[in-house]
Amino acid sequence: MHFAGVLPEDAPDPRVEATARLRSVPFAVVGLAPQAALEDTGFPGFEESISWRNGDPSGSRATTRLTVSLTYQLWRNPDDRDDPVNLAGSVINDDDEPTRDALDDVPPWPRPAWLVEQAERMRHPHLWEVVRTSWHRDRSEDASVPWLLAHHVNHILMNRFRDEVGYVHGTPLWEDHSGWQVADRAARGGVTARLDGVDVPAVEIDTDPFVYGIGFDLAPGVFVTAAIPRDELRYLDVSFATVFPGTAPGA
């Protein structure tokens, strides 16, 4: 999330539009089960692939793939929100003094209440894009839980653990992608995930030192994956719940 310039006090809350889009998708969307340690940020993310009829961009278009990602604010000690443990590993990097100074510097003009709230959230750790629900219109090599789960884990590694992975492998990620990526063959079955209080067959990736992954089929062409930093697993109940039933069964 990025905002530039001075927003008027009555600027619309972008969460309203994001939530409206969430409620328009034709498939069920899954997140982590409600629990004291988690707070939904209200900013679902969307990735969409489209195609044009007869390959003509001026013609009609159709969605071929759509992924909804959910992000949560994490309370490591939900019983005492003033506990400093709830600040450690926040959205702001430890050495990002300019951002910290900007958060502490209250501007002389009024700001939208939602912007003040989001700025305060940045002081706390987040589980960024931790759960994804992905719909694929067509069968393809990457329309499977193992492939999507590996892709999800790698996405979190690349965006949240660059320094750590680079240190382990001896080469920065932006210089060499060959040695660090998790492959879909690392996904193993024989495990279950808890969805809406029921155990469902699942696969997991439990080989990476920084991120744990688990995923399962939700409906034909609909897949759920979760990629969770290992350091945060102890604070969580890794179970799932349907957060939106979809406008139609399946997709």
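Phe 161 and Phe 210 are both buried, where buried means under 20% relative accessible area, exposed over 50% and partly exposed in between (1.4 Å probe, protein chains only). This is a predicted model, in which local features need pLDDT of at least 70, side-chain atom pairs count only at pLDDT 80 or more, and totals for chains, interfaces and linings use all residues. Residues are numbered from 1 along each chain as its sequence is written, and side-chain values use heavy atoms, with hydrogens and water left out.

A search of the whole structure turns up three aromatic pairs. Rings of Phe, Tyr and Trp (its six-membered ring) pair if their centres lie within 6.5 Å; planes under 30 degrees apart count as stacked, over 60 as edge-to-face and the rest as tilted. Two of the pairs are tabulated here.

| Pair | Centre to centre | Between planes | Class |
|---|---|---|---|
| Phe 27 and Trp 135 | 6.5 Å | 15° | stacked |
| Phe 161 and Phe 210 | 5.7 Å | 25° | stacked |

Phe 27 sits in the loop between helix 1 (14–22) and strand 1 (29–32), while Trp 135 belongs to strand 5 (residues 126–136), 108 residues apart. Helices (H or I, at least four residues) and strands (E, at least two) are DSSP runs, numbered from the N terminus. Phe 27 and Trp 135 are both buried.

Now to Val 191, a residue of strand 6 (residues 188–195). Val 191 has a relative accessible area of 16%, so it is buried. Its C-alpha atom is separated by 5.4 Å from that of Ala 202, eleven residues apart along the chain. Beyond neighbours within four places in sequence, Val 191 has contacts (heavy atoms within 4.5 Å) that include Val 200, Ala 202 and Glu 204.
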